[in-house]
Amino acid sequence: QTPPSRRSAEEIVFDRILVEELVKYGVKVTFTVKSAPVINDALLEDARKSGIDQVAEVIETGSGHIGVNWEFASDELKAKTAEADIIISKGQGNYETCNERLENFYFLLKAKCDIVAEELGVKLGDIVFK
């Protein structure tokens, strides 16, 4: 099995492609990574290795919690979230910790548990953009 940091470094390459496309249309992108390792989420080192820091501003969440633990979130993340026109948030953990926020969140995730799948009105294992 691929180590977590390797998996996140691979996935972030696809994130970079999306970011590059958004930037082509004049969108200012801030890309957020974890401040400490958790599951297979990307870290600042992964962002640098993928080169995403060359096309977007990269900030950290302030913690290594699953999703976003708003109690420990960095001031920078809180400020960027408050001023963002749109927030594209990837992963079920982010959905579970951000779905009731008032900011303009859109979620991209795979429904990995029955509760989340039912809440979203999808089947277990479905890929969702909400």
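Which helix gives the largest share of the negative patch? That share, three residues, comes from helix 5 (residues 114-120). Helices (H or I, at least four residues) and strands (E, at least two) are DSSP runs numbered from the N terminus. The model is predicted, so local features need pLDDT of at least 70 and side-chain atom pairs count only at pLDDT 80 or more, whereas totals for chains, interfaces and linings use all residues. Residues are numbered from 1 along each chain as its sequence is written, and side-chain values use heavy atoms, with hydrogens and water left out.

**Surface patches**

- Patches consist of residues with over 30% relative accessible area and no salt bridge; like charges are joined within 9 Å, and nonpolar side chains (Val, Leu, Ile, Met, Phe, Trp, Tyr) within 5 Å.
- Accessible areas come from the Shrake-Rupley method with a 1.4 Å probe, and for residues only the protein chains shown count as cover.
- A nonpolar surface patch comprises Leu18, Ile86, Ile88, Tyr106, Leu108, Ile127 and Phe129, which together have about 680 Å² of accessible area.
- Strand 4 and strand 5 (127-129) are the elements that give two or more residues to this nonpolar patch.
- Ile86, which belongs to the nonpolar patch, is found in the loop between helix 3 (75-83) and strand 3.
- Ile86 counts as exposed because its relative accessibility is 53%.

**Salt bridges**

- Ten salt bridges are found in a search of the whole structure; a salt bridge is a side-chain nitrogen of Lys or Arg within 4 Å of a carboxyl oxygen of Asp or Glu.
- One of them joins the side chains of Lys90 and Glu11 (2.7 Å, N to O).
- Lys90 lies in strand 3 (residues 87-90) and Glu11 in helix 1 (residues 4-24), so this pair ties together parts that are 79 residues apart in sequence.
- Lys90 is partly exposed, with a relative accessible area of 30%, and Glu11 also counts as partly exposed, at 36%.
- The side chain of Lys90 also meets that of Asp15 in a salt bridge (2.6 Å, N to O).
- Because Lys90 lies in strand 3 and Asp15 in helix 1, the pair ties together parts that are 75 residues apart in sequence.
- Asp15 is buried, at 13% relative accessible area.
- A further salt bridge is formed by the side chains of Glu57 and Lys28 (3.6 Å, N to O).
- This pair links distant parts of the chain, with Glu57 in strand 2 (residues 57-60) and Lys28 in the loop between helix 1 and strand 1, 29 residues apart.
- Glu57 is partly exposed, with a relative accessible area of 29%, whereas Lys28 counts as exposed at 63%.

**Individual residues**

- Gln92 lies in helix 4 and counts as buried because its relative accessibility is 13%.
- Leaving aside residues up to four places away in sequence, Gln92 touches Leu109, Lys110, Ala111, Lys112, Cys113 and Val116; contact means heavy atoms within 4.5 Å.
- Ile39 is not a glycine, yet it has a positive phi of about 45°.
- Most residues other than glycine have a negative phi.
- Ile39 is found in the loop between strand 1 (30-33) and helix 2 (44-50) and counts as exposed at 54% relative accessibility.

- Glu20 lies in helix 1 and is partly exposed, with a relative accessible area of 27%.
- The C-alpha atoms of Glu20 and Glu118 are separated by 34 Å, and these residues are 98 residues apart along the chain.
- Lys49 is found in helix 2 and is exposed, with a relative accessible area of 63%.
- Lys49 and Val13 are 36 residues apart along the chain, and their C-alpha atoms are separated by 9.2 Å.

Terms used: Buried means under 20% relative accessible area, exposed over 50%, partly exposed in between (1.4 Å probe, protein chains only).
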